[in-house]
Amino acid sequence: SKMAAVHRSFVSARLPVSVLRSLQCFKQHREERWLKPFTAQQRGYRAAVCHKIMTPVEVRDLPSVENIPKGMVKVAVHSTGINYADILMVAGLYQERPELPFVPGAELAGEVMAVGEGVTAFKEGDRVAGCPMPPGSYAEECLVHQKTLFHLPDSLTYTTAAAVPISYGTALMGLTRRVHLQPGETVLVTAAAGALGAAVVDVAAHALGATVIGAAGSAEKCEFVRSRGAQHTVNYSLESIRAKVKELTQGRGCDVAFDAVGGKVFDESLKCLAWEGRVLVGGFAGGDIPQIPANILLVKNLSAVGLYWGRYSMQNNAVFQQTVNDSLTFIQEGKIKGPPQPKTFKLEQVRVHTFVIRTSVVQLKKDQCTDLKFVGKCYILHKTLMCKVSV
């Protein structure tokens, strides 16, 4: 009926409005945090703050938020993930640029300290993982909207859980909702030694029953990819992705290609597809945004789809939540391996470890170099180590 349609429209619009209002309220608290004097009598916490683009973040004391905005949850952060987007953000190269100063960090695991008005799913003391939007998890405390927060099974450590939401949420969303990977199909995963690539390999091989071909840039990385569940690997520093995939599939090609590199790697991946194959665009870590030749899509009846996982938090939050909750459940039940044991750093070390990678970004920008392969390699190495910041 017409009224039912209006109701559905209202419900679908209510979440973004609710999140927007919470973020507006959050902005007021943000202004208070940076502009009001911080006295010795106030309760505070440490955070890694970006004051200026292209310079190292600095660990400093900030006043704790006592009046929690509506719909928000204050979390005592135990561990936070270091993601490629964080590095780009503090370098001023990300598509979303927070207002300075800001605290980086887009995923965390920790314990609920307090909740704002309207929060019913979480209470003080709950173990949680989550994705703060706007970012802010490089800190001892962080505000997270209840719609991007998830209950953490007791069997998962905080350090492991902090590596789950973005990589595994993206992997599960891409493989199931975007390319509809089926049991027995063959999937090619590029940058398979990175955090996202390793998650895609894990989910595809163990949860979805697919045959996985993992592509990486060295023999050591290929060995790592096999340990995550890939049946076959391609060392694309030594061999052609297209030729190797054709060889492994007896000339047929793969059903799905999951690419987060872009450039020539994407071009090769597209040419690897079998009849009615699907290629997923998950990012451009190589720095080169490819141009998709429509004639190839037409001749082989191929499909090219994009994936911006974080956007689902606003457009379809139920699906967004399901991907993370399902990932946590799969790990708890032993259906997937989950992230490998991460390398950890103390909060004080984040200034050094983020700047090491950003120095490469700065140098490339100064040289007006459009080939970001070096940055991509830093990212893959960094994420292969699954670095977490322990606070």
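User: In what sense do strand S8 and strand S9 pair, and over how many bridges?

Analyst: This is a predicted model, in which local features need pLDDT of at least 70, side-chain atom pairs count only at pLDDT 80 or more, and totals for chains, interfaces and linings use all residues. Residues are numbered from 1 along each chain as its sequence is written, and side-chain values use heavy atoms, with hydrogens and water left out. Strand S8 (residues 186-189) and strand S9 (residues 211-216) pair in the parallel sense over four bridges, where pairing requires that DSSP finds at least two bridges between two strands. Strands (E, at least two residues) and helices (H or I, at least four) are DSSP runs numbered from the N terminus.

User: Which residue in S9 is the bridge partner of Thr186?

Analyst: The partner of Thr186 in S9 is Thr211.

User: What is the strand order of the open sheet?

Analyst: Its six strands run in the order S10-S9-S8-S11-S12-S13, with parallel pairing. The edges are strand S10 (232-235) and strand S13 (303-306), each of which pairs on one side only.

User: Switching to helices, at what angle do the axes of H4 and H11 cross?

Analyst: The axes of H4 and helix H11 (residues 317-333) cross at roughly 110° and come within 8 Å; axes are lines fitted to C-alpha atoms, for helices over the stretch in contact, and angles run from 0 to 180 degrees between N-to-C directions. The two helices are therefore roughly perpendicular, a label that covers 65 to 115 degrees. Their contact (heavy atoms within 4.5 Å) includes Tyr168 and Leu172 of H4 and Phe320 and Phe330 of H11.

User: Where are the cis peptide bonds?

Analyst: One joins Leu100 and Pro101, with omega about -10°, and Pro101 lies in the loop between helix H2 (84-90) and strand S4 (108-115). Another runs from Met133 to Pro134, with omega near 5°, and Pro134 sits in the loop between strand S5 (127-130) and strand S6 (141-145).

User: And what is phi for His180?

Analyst: Phi of His180 is near 50°, a positive value in a residue other than glycine. His180 is in the loop between H4 and S8, and it counts as partly exposed because its relative accessibility is 47% (buried is under 20% relative accessible area, exposed over 50%, partly exposed in between, with a 1.4 Å probe and protein chains only).

User: Last topic: how many disulfides are there?

Analyst: A search of the whole structure finds zero, a disulfide being a pair of cysteine sulfur atoms within 2.5 Å. Cys131 is buried at 2% relative accessibility, and Cys142 is buried at 6%.

Methods
Parallel < 35°, antiparallel > 145°, perpendicular 65-115°, else oblique.
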